[in-house]
Each structure stands twice: as C-alpha cells, then as structure tokens.
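Here are my notes on this model, as numbered points. Please read them with the structure open.

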Amino acid sequence: MDLRSKIAIVTGGTKGIGKAIAEALVREGVDVCITARHQSQITQATRELIDLGAGKVVGFLCDVREASQVGK
C-alpha cells in the first residue's frame with residue numbers, strides 16, 4: 001500500500017509505541033503530526049523524526065485527555 005501523500009496524527013508520539021508508529025509512518029513518506037503533553041519531548045521527537053527524511057513532521061502540545069485541548 002502506498003502511503004505517500006497521506007497525513008497521520010499520532011497522539012503520544014514522543015515515546016514508546018506512539019513514537020514507533022510515527023517513525024514507521026514517516027519512513028513510508030506519510031506527513032505526521034505528533035502530540036504529547038511536554039513541549040521538550042515534542043521538540044526532541046520532532047527533530048529525530050525529521051532526520052528520517054521521508055515525510056514532513058510537526059508537533060503540537062496537547063493532552064487528549066482534556067476535552068478543551070481537542071478540537072471538535
């Protein structure tokens with residue numbers, strides 16, 4: 001399956017399973033948005049993911065457990 005030109009949002013994308021998913025998607029050419037609760041972790045993970053070089057990567061501070069932080 002060709003995933004290039006697709007966009008994915010990965011919550012908890014700075015460590016563990018979330019980061020592994022983000023890495024796999026970026027390697028396949030997917031543009032990825034990661035979210036997490038700590039800006040320093042987002043900054044670091046975004047740099048690491050960008051270095052993989054295939055898909056675009058952005059990161060946003062967001063706690064998906066808080067309804068006020070999630071768009072409707």
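**Notes on the fold and core**

1. Start with the strand pairing. Ile-7 has Asp-31, in S2, as its bridge partner. The chain passes from S1 through H1 to S2, and this β-α-β crossover is right-handed. Right-handed here means that, with the strands pointing away from the viewer, the path from the first strand over the helix to the second runs clockwise. Helices (H or I, at least four residues) and strands (E, at least two) are DSSP runs, numbered from the N terminus.

2. A word on the basis. This is a predicted model, in which local features need pLDDT of at least 70 and side-chain atom pairs count only at pLDDT 80 or more, while totals for chains, interfaces and linings use all residues. Residues are numbered from 1 along each chain as its sequence is written, and side-chain values use heavy atoms, with hydrogens and water left out.

3. S1 (residues 7-11) and S2 run parallel, joined by five bridges. Strands count as paired if DSSP finds at least two bridges between them. S2 also pairs with S3 (residues 57-61), again in the parallel sense and over five bridges. There, Cys-33 has Val-58 of S3 as its bridge partner. S2, H2 (residues 39-50) and S3 form a right-handed β-α-β unit.

4. How covered is strand S2 (residues 31-36)? Five of its six residues are buried. Buried means under 20% relative accessible area, exposed over 50%, and partly exposed in between (1.4 Å probe, protein chains only).

5. Now the core. The largest nonpolar core has eleven residues, among them Ala-8, Val-10, Ala-22, Val-32 and Leu-49. S1, H1, S2 and H2 each supply at least two residues of this core. H1 gives the largest share, three residues. Such a core is a set of buried Ala, Val, Leu, Ile, Met, Phe, Trp, Tyr and Cys residues joined through side-chain atoms within 4.5 Å. Ala-22 touches Val-10, Val-32, Ile-34 and Leu-49, not counting residues up to four places away in sequence. Contact means heavy atoms within 4.5 Å.

6. Lys-19 deserves a look. Lys-19 sits in H1 (residues 16-27). Lys-19 counts as buried because its relative accessible area is 16%. Leaving out residues up to four places away in sequence, Lys-19 touches Gly-12, Gly-13, Thr-14, Ala-45 and Glu-48.

7. Ser-5 lies in the segment before S1. Its phi is near 75°, a positive value in a residue other than glycine. Ser-5 counts as exposed, at 70% relative accessibility.
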